[in-house]
Amino acid sequence: MSTQADHGHELAPRPQHTPDALRAALAAVDPARLEEMQATKDDAFAKAVEWQSLSPVQSWVLTWARDIEIARRADLSTRYARAKGNLEHEDPAIAQEALRELSAVLDEAMNAVRE
C-alpha cells in the first residue's frame, strides 16, 4: 500500500497498482463490484493479447484504481453519489453543475492514484 495525503475518512489504504492489490481493496470498499472487475479484467487481458499491447491492461488498472480511490474516500464518495444523483435533474443548471462536479471528482481521483 502506498502513502497518501490526508483526505479525511478513508475506508482503506490506497492499493498498489497490481490486479491482486486492486481486487483486495475493492473487496474491502465495494465488494458488490468484484464480478464487474473480473469481467473487465478478462476483457482487458484478451484485448492486450489481441492487440499485442499492454495499453488495455494499463487502462484497466488506472480505471479500477480511480474507482477504488473514490470508494475508499468518504469525501469523494459523497461528492460522486450526489453528482450522479443530480445528472438527470429537471433543472438544467443543476444537471450541468452535477456533470461538472462528477468530472471534478473523477479528475481528483485519477490525479491521486497517479501521484
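Start by selecting D75, which is partly exposed with a relative accessible area of 27%. Keep in mind throughout that this is a predicted model.

**From D75 to its partners**

Show the side chain of D75 together with that of R73: the two meet in a salt bridge, 2.9 Å from N to O. Why does R73 count as buried? Its relative accessible area is 0%, and buried means under 20%. R73 also has a salt bridge to E69, at 3.1 Å, N to O. E69 is buried too, with 1% relative accessibility. Side chains of opposite charge can pair when their charged atoms come close.

**A second pair, and the network**

Move on to R100 and E101, whose side chains form a salt bridge of 3.5 Å, N to O. Which of these residues is buried, and which is partly exposed? R100 is partly exposed, at a relative accessible area of 44%, while E101 counts as buried at 17%. Now select E10, R14, E69, R72, R73, D75, R79, E97, R100, E101, E108 and E115 together; salt bridges with shared partners join these residues into one network. The count of salt bridges comes to 15.

**The whole chain**

Zoom out and switch to a cartoon view. How many helices and strands are there in the protein chain? There are five helices and zero strands, so the order from the N terminus reads α-α-α-α-α. Along the principal axes, the C-alpha atoms fill a box of roughly 45 × 30 × 25 Å. Of the 115 residues in the protein chain, 32% are buried. The protein chain exposes about 7,000 Å², and carbon and sulfur atoms supply 53% of that area. Among contacts with a separation of 6 or more, 56% are between residues 24 or more positions apart.

**Helix 1**

Select residues 19-29, which make up helix 1, and colour its buried residues: A21, L22, A25, L26 and V29. Turn the view until you look down the axis of helix 1. These buried residues fall within an arc of 130 degrees, so they line one face of the helix. An α-helix has 3.6 residues a turn, so residues three or four places apart point the same way. What covers the buried residues of helix 1? The cover includes helix 2 (34-51) and helix 3 (55-72).

Q16 lies in the segment before helix 1. Q16 is partly exposed, with a relative accessible area of 45%.

**The nonpolar core**

Next, select L22, L26, V29, M37, W60, W64 and I68. These are the residues with the most contacts inside the largest nonpolar core, which has 16 residues. Helix 1, helix 2, helix 3 and helix 5 (92-113) each supply at least two residues of this core. Which helix gives the most to this core? Helix 3 does, with six residues. In soluble globular proteins, nonpolar side chains tend to be buried together.

**Last stop: W60**

Leaving aside residues up to four places away in sequence, W60 touches P19, L22, M37, T40, K41 and A44.

Conventions
Residues numbered from 1 in each chain as written. Predicted model: local features only at pLDDT ≥ 70, side-chain atom pairs only at ≥ 80, totals over all residues. Heavy atoms only, no water. Buried < 20%, exposed > 50% of the residue type's maximum accessible area, 1.4 Å probe, protein only. Helix = DSSP H or I, 4+ residues; strand = E, 2+ residues; numbered from the N terminus. Arc of directions from axis to C-beta. Contact = heavy atoms within 4.5 Å. Salt bridge = Lys/Arg side-chain N within 4 Å of Asp/Glu carboxyl O. Core = buried A, V, L, I, M, F, W, Y, C linked by side-chain atoms within 4.5 Å. Areas by Shrake-Rupley, 256 points an atom, 1.4 Å probe, with all protein chains shown as cover.
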